[in-house]
Every structure is written in C-alpha cells, then in structure tokens.
Amino acid sequence: MNYSEIEKISKALADQTRLRIFEAISATEHINCGEIVSMRGVTPATVSHHLKILSEAGLIACRREGQFVYSQAVPETIAAYARALAKNRTRQKGSTPSLTRGGWPTLLQFSF
C-alpha cells in the first residue's frame with residue numbers, strides 16, 4: 001500500500017460521521033442507505049456523500065439491487081491498511097519523526 005492510499009483511507013476515517021457509518025457497515029454483511037439513515041440520524045444526501053468517500057478509499061463496495069444500493073465492508077483494505085501502519089511503525093521505531101512530506105508517511109511516524 002502506497003502513501004497516497006494510506007492518506008486517502010486515513011482521511012476517510014478521520015471524519016466522525018464517516019467512521020460511525022463505516023463501523024455500522026462493517027458490523028453487518030451488507031446494509032442499504034435507508035438503514036444507515038435511520039440508524040445514524042443523518043440525511044440521505046449526507047449518507048450518500050460519506051459512502052462515496054468510503055468507496056473511493058476502497059473501504060466499502062456498493063452494489064445496486066433495484067432501487068436499493070447495498071454497501072459492504074472490504075476487509076482486505078482494512079487489513080492492508082493495518083499492515084502498512086504496523087510496517088511503518090516498526091521501520092520508524094527509534095527514529096525522529098519528520099514533519100515534511102518528503103518521507104513516507106510522515107504523520108504515521110509517531111508512535112501510538
């Protein structure tokens with residue numbers, strides 16, 4: 001997983017509403033937009049916006065069945081993301097974090 005992919009996933013999960021939507025999707029086999037709207041108390045337009053960002057980050061896959069669009073988590077993406085974070089943490093352990101973007105990935109160089 002490259003820095004751009006890590007950054008996109010990190011940004012997608014940084015929003016509290018999006019993270020809650022992703023958690024709801026991950027807790028089920030699949031879920032439709034209407035179910036997310038009723039569970040999270042947000043408008044359909046807001047849910048659609050967040051689903052688009054999660055989909056573009058590769059965190060969810062969406063499929064249409066008639067008038068409904070179902071979303072499901074892509075566990076391989078989260079697994080790759082976790083491996084990339086762990087790999088970078090191991091590689092960077094003991095080094096001074098860089099605040100420039102020249103290295104990869106600068107934000108993730110801090111210990112958790």
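Predicted model: local features only at pLDDT ≥ 70, side-chain atom pairs only at ≥ 80, totals over all residues.
Residues are numbered from 1 along each chain as its sequence is written. Local features need pLDDT of at least 70, side-chain atom pairs count only at pLDDT 80 or more, totals for chains, interfaces and linings use all residues, and side-chain values use heavy atoms, with hydrogens and water left out.

User: How far does helix α1 reach from its first C-alpha to its last?
Analyst: Helices (H or I, at least four residues) and strands (E, at least two) are DSSP runs numbered from the N terminus. Helix α1 covers residues 3–14, twelve residues. The expected span is 1.5 Å times one less than the number of residues. The reach of α1 is close to that expectation, at 16 Å.

User: Which residues of α1 are buried, and how wide an arc do they cover?
Analyst: Buried means under 20% relative accessible area, exposed over 50%, and partly exposed in between (1.4 Å probe, protein chains only). In α1 the buried residues are Ile6, Ile9, Ala12 and Leu13. The arc is taken from the directions from the helix axis to the C-beta atoms. These residues lie on the same side of α1 because their arc is only 130°.

User: Which residue caps the N-terminal end of α1?
Analyst: A polar contact is a pair of N or O atoms within 3.5 Å; within protein, one must be able to donate a hydrogen and the other to accept it, and residues adjacent in sequence count only if both atoms are side-chain atoms. Here a side-chain oxygen lies 3.0 Å from the backbone nitrogen of Ser4, and the capping residue is Asn2.

User: At what angle do α1 and α2 pack?
Analyst: Axes are lines fitted to C-alpha atoms, for helices over the stretch in contact, and angles run from 0 to 180 degrees between N-to-C directions. Contact means heavy atoms within 4.5 Å, and Lys11, Ala12, Leu13 and Ala14 in α1 meet Gln16, Arg18, Leu19 and Phe22 in α2. The axes are 5 Å apart, and the angle is about 95°. That makes the two helices roughly perpendicular (65 to 115 degrees; under 35 is roughly parallel, over 145 roughly antiparallel and the rest oblique).

User: Which residues on the other side of α4 are exposed?
Analyst: Val47, His50, Leu51 and Leu54 are the buried residues of α4. They fall within an arc of 105°, so they line one face of the helix. They pack against α1, α2, α3, β2 and β3. On the other side, the exposed residues are Ala45 and Lys52.

User: Which residue with positive phi follows α3?
Analyst: At the N-terminal end of α3, Asn32 is the cap, with a side-chain oxygen 2.9 Å from the backbone nitrogen of Gly34. Within α3, Cys33, Ile36 and Val37 are buried. Their arc is 100°, so they line one face of the helix. After α3 comes a residue whose phi is near 65°, Gly41.

User: Is Thr77 buried or exposed?
Analyst: Thr77 is in helix α5. Leaving aside neighbours within four places in sequence, Thr77 is in contact with Met1, Ile9, Ala57, Gly58 and Leu59. Its relative accessibility is 14%, so Thr77 counts as buried.

User: What is the relative accessibility of Ile78?
Analyst: Ile78 is found in helix α5, residues 75–92. Leaving aside neighbours within four places in sequence, Ile78 is in contact with Leu13, Phe22 and Leu59. Ile78 counts as partly exposed, at 29%.
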